[in-house]
Amino acid sequence: EEPCPWQLWMHIYGNNELLSDAARANSPLFSEASLCETLFALSNWAIVKMERGQGVSIPGFARITWNLKGEIHRPLFFFDDAFLREHGITPQIVKEESDPASCDTLDFADLARNYSEILSKEAAAAGVGRLFRRLGQVMGQGVQVLIDLGVGRVYSNNLEAFFVFDPRFCPGEPEFEGRREAPPILVGRP
């Protein structure tokens with residue numbers, strides 16, 4: 001079996017590099033520990049919402065939701081148009097007829113209160129903004145990127161980006177049971 005293209009990459013910019021780069025500011029809001037807690041809380045928030053059948057919206061980055069068309073609901077991922085334009089990124093798109101579920105917009109007070117023991121609302125808002133600004137900058141440089149967001153992974157290379165959902169969010173696809181990742185569900189715009 002031929003390896004997937006992202007398995008052939010020599011150096012991949014991952015979660016550790018993102019946290020380290022985003023922390024390069026002389027501010028306690030942007031300490032690596034605070035940013036790590038922010039990413040952890042954000043991932044847990046998205047997982048909980050998706051497990052409940054709800055979509056999520058991360059302003060300035062993406063919407064992650066469910067396609068309500070058909071008997072089996074499949075996950076959908078939409079990069080925010082402004083994020084793509086600002087960083088010169090092209091999403092890989094699979095045309096799929098869809099009926100996206102509504103999304104809960106990220107509430108920083110909820111994120112801090114229910115998904116973290118140490119974050120304040122302000123730290124959560126600043127941390128999320130800082131992480132996704134830095135991620136966009138790196139993706140916009142054409143760097144090979146693999147960022148785990150809990151519900152799936154963002155991949156990017158040479159200004160092309162896509163998202164692969166964690167297999168637990170891909171019901172009815174038995175051919176992928178036991179694999180580390182599900183097939184890409186690549187959608188650019190609703």
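Start with the second largest pocket: its lining divides into eight nonpolar, three polar and two charged residues. Keep in mind that this is a predicted model. Beyond that pocket, there's a helix pair, a cavity and a set of aromatic pairs to look at.

**The second largest pocket**

- The space in the second largest pocket comes to about 190 Å³.
- Its lining takes in 13 residues, and the ones nearest the centre are Pro59, Gly60, Gly129, Phe132 and Arg133.
- Two elements, α3 (81-87) and α5 (121-140), each give two or more residues to that lining.
- Of the elements, α5 has the largest share of the lining, with five residues.

**The largest cavity**

- Rolling a probe the size of a water molecule over the atoms shows where empty space is left.
- How many cavities of 30 Å³ or more are there? The count comes to one.
- The largest cavity has a volume of about 30 Å³.
- Leu42, Ser43, Ala46, Ile58, Ile64 and Leu149 make up its lining, and α2 gives the most, with three residues.
- By residue type, the lining of the largest cavity holds five nonpolar residues, one polar and no charged.

**Helices α2 and α4**

- Two packed helices are described by the angle between their axes and the distance between the axes.
- For helix α2 (residues 32-51) and helix α4 (residues 108-115), the angle is about 95° and the axes sit 10 Å apart.
- Angles of 65 to 115 degrees count as roughly perpendicular, so that's the label for α2 and α4.
- On the α2 side, the contact involves Glu37, Ala41, Leu42, Asn44, Trp45 and Val48; on the α4 side, Asp110, Leu111 and Tyr115.
- Sorted by type, the residues of this contact are six nonpolar, one polar and two charged.

**Aromatic pairs**

- A pair of aromatic rings is described by the distance of the centres and the angle of the planes.
- Searching the whole structure turns up ten aromatic pairs.
- One of them is Phe61 with Phe77, where the ring centres are 6.2 Å apart and the planes meet at 70°, so the pair is edge-to-face.
- This pair links distant parts of the chain, with the two residues 16 residues apart.
- Phe61 is in the loop between β1 (55-58) and β2 (62-67), while Phe77 belongs to strand β3 (residues 74-79).

Conventions
Residues are numbered from 1 along each chain as its sequence is written. This is a predicted model: local features need pLDDT of at least 70, side-chain atom pairs count only at pLDDT 80 or more; totals for chains, interfaces and linings use all residues. Side-chain values use heavy atoms; hydrogens and water are left out. Axes are lines fitted to C-alpha atoms, for helices over the stretch in contact, and angles run from 0 to 180 degrees between N-to-C directions. Helices (H or I, at least four residues) and strands (E, at least two) are DSSP runs, numbered from the N terminus. Angles under 35 degrees count as roughly parallel, over 145 as roughly antiparallel, 65 to 115 as roughly perpendicular and the rest as oblique. Contact means heavy atoms within 4.5 Å. Ala, Val, Leu, Ile, Met, Phe, Trp, Tyr, Cys and Pro count as nonpolar, Asp, Glu, Lys and Arg as charged, and the others, Gly among them, as polar. On a 1 Å grid over the protein atoms alone, a cavity is a set of points where a 1.4 Å probe fits but cannot get out, and a pocket is an open set with protein on both sides within 12 Å along at least five of seven lines; lining residues have an atom within 4 Å of a point. Grid points are joined across faces, edges and corners, and a volume is the space filled by probe spheres set on the points. Rings of Phe, Tyr and Trp (its six-membered ring) pair if their centres lie within 6.5 Å; planes under 30 degrees apart count as stacked, over 60 as edge-to-face and the rest as tilted.
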